Amino acid sequence: LHINILYAQKGLSIGRSDPYACGDARLRPLVKKALLILINAQSRDVVLYKLEEWRKELMAANCLTVREQEAKDAFLGCEDLNKLLSAIERKHAPIADQFYTAVGLRLQNIDSQIALAVVTHFSDLDIPVLPVHDSFLVPKSYVEELRQVMMEKYSLILPIFEYSNIHC
């Protein structure tokens, strides 16, 4: 979501493109983590350090979840983290000026404003709603209304945002 927000703030849309696809598909978990870190970090060196720490943690672990194993495999398939960061910067050139700026907290605030607007809508109607990360759970009979409300609230805060194109 944060990558989509950065694009929307520039009046751009990532379209149907997966923001975490950058070269070899097996690297996706590593690209996703790197993007998360680089919008929260102050420098490229910090990103490299954090990725290396994560690599060491994964390599030392005895029991990994499926996602952790995919991340470990991504590290094994990545020869050079600096080159990976450069590839990410090229892929996301329109928003690269926001990388290494610790913009992540501001993005979390925008994300929470959108989530609060969705929760408030359903709470005002006494309809149970449970936020789960970038998603919401509602009774099955309200699923279509939830989709509409999410798109409405997202578009109020981020006019160019295309909810249907979110990748997790």
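**Entry 1. Terms and overall layout**

I began with a term: a strand is a DSSP run of type E with at least two residues, and strands are numbered from the N terminus. With that in hand, I located Leu 137 in strand β2, which covers residues 135-137. I note here that the model is predicted.

I then looked up the elements of the whole chain. The protein chain has seven helices and two strands. Read from the N terminus, their order is α-α-α-α-α-α-β-β-α.

For the dimensions, I took the box filled by the C-alpha atoms along the principal axes, which is roughly 50 × 40 × 25 Å. The chain has 168 residues, and buried residues make up 39% of them. I also looked up the contacts with a separation of 6 or more: residues 24 or more positions apart account for 65% of these.

**Entry 2. Surface and charge**

The protein chain exposes about 9,500 Å², and carbon and sulfur atoms supply 54% of that area. Together with Leu 130 and Val 132, Leu 137 makes a nonpolar surface patch of about 270 Å².

For the charges, I recorded 19 positive and 21 negative side chains in the protein chain. The centres of the two sets lie 4 Å apart.

**Entry 3. Helix α1 and its cover**

I next examined helix α1, which spans residues 2-9. How many of its eight residues are buried? I found that seven are, and the helix is therefore mostly covered, given that buried means under 20% relative accessible area. The buried residues of α1 are His 2, Ile 3, Asn 4, Ile 5, Leu 6, Tyr 7 and Ala 8.

I then asked what covers these buried residues. The cover includes α2 (28-40), α5 (81-91) and α6. Just after α1, I noted that Gly 11 takes a positive phi of about 75°.

**Entry 4. Asp 111, a buried charge**

I looked up Asp 111, which lies in helix α6, residues 104-124. Which side chain of opposite charge is nearest to Asp 111? It is Lys 32, at a distance of 11 Å. Asp 111 is buried yet has no salt bridge.

I also listed the contacts of Asp 111, leaving aside its neighbours within four places in sequence. They are Leu 1, His 2, Ile 5 and Asp 134. Of these, His 2 and Ile 5 are among the buried residues of α1.

**Entry 5. Salt bridges**

Side chains of opposite charge can pair when their charged atoms come close.

Asp 97 lies in the loop between α5 and α6, while Lys 10 lies in the loop between α1 and α2, so the pair ties together parts that are 87 residues apart in sequence. I recorded Asp 97 as partly exposed, at 45% relative accessibility. Lys 10 is also partly exposed, with a relative accessible area of 36%.

In another pair, Asp 18 forms a salt bridge with Arg 28, with the closest N and O atoms 2.7 Å apart. Asp 18 is in the loop between α1 and α2 and Arg 28 is in helix α2, so this pair ties together parts that are ten residues apart in sequence. Is Asp 18 buried or exposed? Its relative accessible area is 18%, and Asp 18 therefore counts as buried. Arg 28 is partly exposed, at 25% relative accessibility.

The remaining pair I looked up is in helix α7, residues 143-157. Glu 144 forms a salt bridge with Arg 147, the closest N and O atoms being 3.5 Å apart. Because Glu 144 and Arg 147 are three residues apart in this helix, about one helical turn separates them. Glu 144 is partly exposed at 44% relative accessibility, and Arg 147 is partly exposed with a relative accessible area of 43%.

**Entry 6. Arg 67**

Finally, I looked up Arg 67, which lies in helix α4, residues 66-77. I asked why Arg 67 counts as exposed. Its relative accessibility is 65%, and the cut-off for exposed is over 50%. I also recorded the separation between Arg 67 and Ser 135: they are 68 residues apart in sequence and 19 Å apart in space, C-alpha to C-alpha.

How values were computed
Residues are numbered from 1 along each chain as its sequence is written. This is a predicted model: local features need pLDDT of at least 70, side-chain atom pairs count only at pLDDT 80 or more; totals for chains, interfaces and linings use all residues. Side-chain values use heavy atoms; hydrogens and water are left out. Patches are made of residues with over 30% relative accessible area and no salt bridge: like charges are joined within 9 Å, nonpolar side chains (Val, Leu, Ile, Met, Phe, Trp, Tyr) within 5 Å. Accessible areas come from the Shrake-Rupley method with a 1.4 Å probe; for residues, only the protein chains shown count as cover. A salt bridge is a side-chain nitrogen of Lys or Arg within 4 Å of a carboxyl oxygen of Asp or Glu. Helices (H or I, at least four residues) and strands (E, at least two) are DSSP runs, numbered from the N terminus. Buried means under 20% relative accessible area, exposed over 50%, partly exposed in between (1.4 Å probe, protein chains only). Contact means heavy atoms within 4.5 Å. Lys and Arg count as positive and Asp and Glu as negative; His and the chain ends are not counted. The place of a charge is taken as NZ of Lys, CZ of Arg, CG of Asp or CD of Glu.
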